[in-house]
Amino acid sequence: MTPWCALARVAAGLAGLCLLASAAGAGTSIHIFAAASTTDAVRAIAARYERGHDTRVRVVVAASSTIAKQIAAGAPADIYLSANVAWMDWLEDRGEIVPASRTVLLRNRLVVVAPEGGRELDALAELPAYLGDRRLAMGDPAHVPAGIYARDALRGLDLWSALKPRTAFASDVRAALELVAQREAAAGMVYATDARISDGVGVVAEVPQRHHAPIRYPVAIVDGRDRPAVRRVFRYLRGSEAAEIWREHGFVRADGT
Amino acid sequence: MVELSPIEVEALTLSLRVATWAVVGGLPLAMAVAWILARRDFPGKTLVDGLVHLPLVLPPVVVGYTLLVLFGRDGPIGAWLDATLGVTIAFTWQGAALASAVMAFPLMVRAIRLSLEAVDPRLESAARTLGAGRADVFATITLPLTGPGLLTAAILGFARSLGEFGATITFVANIPGETRTLPLAIYSLIQTPDGERGALRLAVIAVLLALLALAGSEILARRLRRRVAG
């Protein structure tokens, strides 16, 4: 066997593996690009939908900003679910969504979490002292919706200048949650729904809602993707079966249910 | 035997597919570039050498973003590919393979170039004087003698591709079953509450895969050395 043959053999073996790999998975596939905070709920809804339909529903999660940029760059998203209105506006301004499909799906609220067993705060003004020499985890307020809400709330409470040097910015709200769950950050600002899904954290304070924009989750069909299979999933997200799952995960639907 | 979950199998096979195609596609080009760098002198050679090595020193996110700008829907190459061939690269596994190939390219070129430079040019001249054409000399003398270098390049490229993260997540995002390779799946799991166990399992799979590839390459390399020597 020449060296060439040896190489060819390796290549052939690997190519075989590849064929094996590409054989799996076919049929209609719908992509939901969703805000990180909705990860578990959207996955549960997608799984439930797949059980009753011959459709694959893939859920891609990251910060609303990250996926908005990906959609604008041509990512294969069919449905976009954002954690704030601004990023949906941003996509709509660029003609990347079907404006008529756009609707507000969910509401949420912000809380302060600390590693499990942490003392509850009497007032948010205690937060700087509460942190000690450690950090406050939150989404990067330059783009992550949860971080933007958190920064605006802290600004409204005149705490931002004191806390800003003490923050640890994360790439999305779940990364911020994880910093607290791992006890790397003394506290974090995340959604109430995030706090529920992690065993490692507890809510130590509510964040007053008057200083930040109302937390709303708009959803829309992506431009050029409006077809029956997508519409069915889109309707399902807003339907009664999904409503049950949204509720289980602590989300309040836009109509207050 | 530990059972792999469908998600783990998905990430694993995708990673193998991406890494394989990164090597299959990148190796011939790396060979050509290595040959030019090893055998030719031309103005601007240093510049070409530098460009080839850029992915090695640039932050991977820059490489990924550059690929997105060039190959994205509105990018010059991406728009052209879409218009002429109807092919989309960004946000597909093929894009992941491209990102991996670009990141692995300097490593492959270096390995091949070293072995090319070790080939005695007199062997090639001898073949030429005996009447062999350029292509013939390349196929019968140069290629076989650089076999070990090519193998090293393939293994290095494969390994680098398996571990690729920054350029991949920037260029093709993190789509389960399509672009979520092993490193991306691990990243997703460490951001999932109680995902640490899953992340650990995938990390163990990655380690086993690396050890397997290294052992395989070692065996092949030994065989190759024996063939070349004998």
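Phe251 of chain A is buried, with a relative accessible area of 4%; buried means under 20%, exposed over 50% and partly exposed in between, with a 1.4 Å probe and protein chains only. This is a predicted model, where local features need pLDDT of at least 70, side-chain atom pairs count only at pLDDT 80 or more, and totals for chains, interfaces and linings use all residues. Residues are numbered from 1 along each chain as its sequence is written, chains are lettered from A and ligands numbered from 1 in the order in which they are written, and side-chain values use heavy atoms, without hydrogens or water.

Now the rings. Over all chains there are eight aromatic pairs. Rings of Phe, Tyr and Trp (its six-membered ring) pair if their centres lie within 6.5 Å; planes under 30 degrees apart count as stacked, over 60 as edge-to-face, the rest as tilted. Tyr149(A) and Tyr191(A) have ring centres 6.3 Å apart and planes at 70°, so this pair is edge-to-face. Tyr149(A) lies in helix H6 (residues 145–156) and Tyr191(A) in strand E8 (residues 187–191) of chain A, 42 residues apart. Helices (H or I, at least four residues) and strands (E, at least two) are DSSP runs, numbered from the N terminus. Tyr149(A) is buried at 4%, and Tyr191(A) is buried at 1%.

Back to Phe251(A). Its partner in an edge-to-face pair is Trp246(A), at 5.5 Å centre to centre and 85° between the planes. Trp246(A) is buried, at 0% relative accessibility.

Which residues do ring pairs link into a cluster? They are Tyr149(A), Tyr191(A), Tyr217(A), Trp246(A) and Phe251(A).
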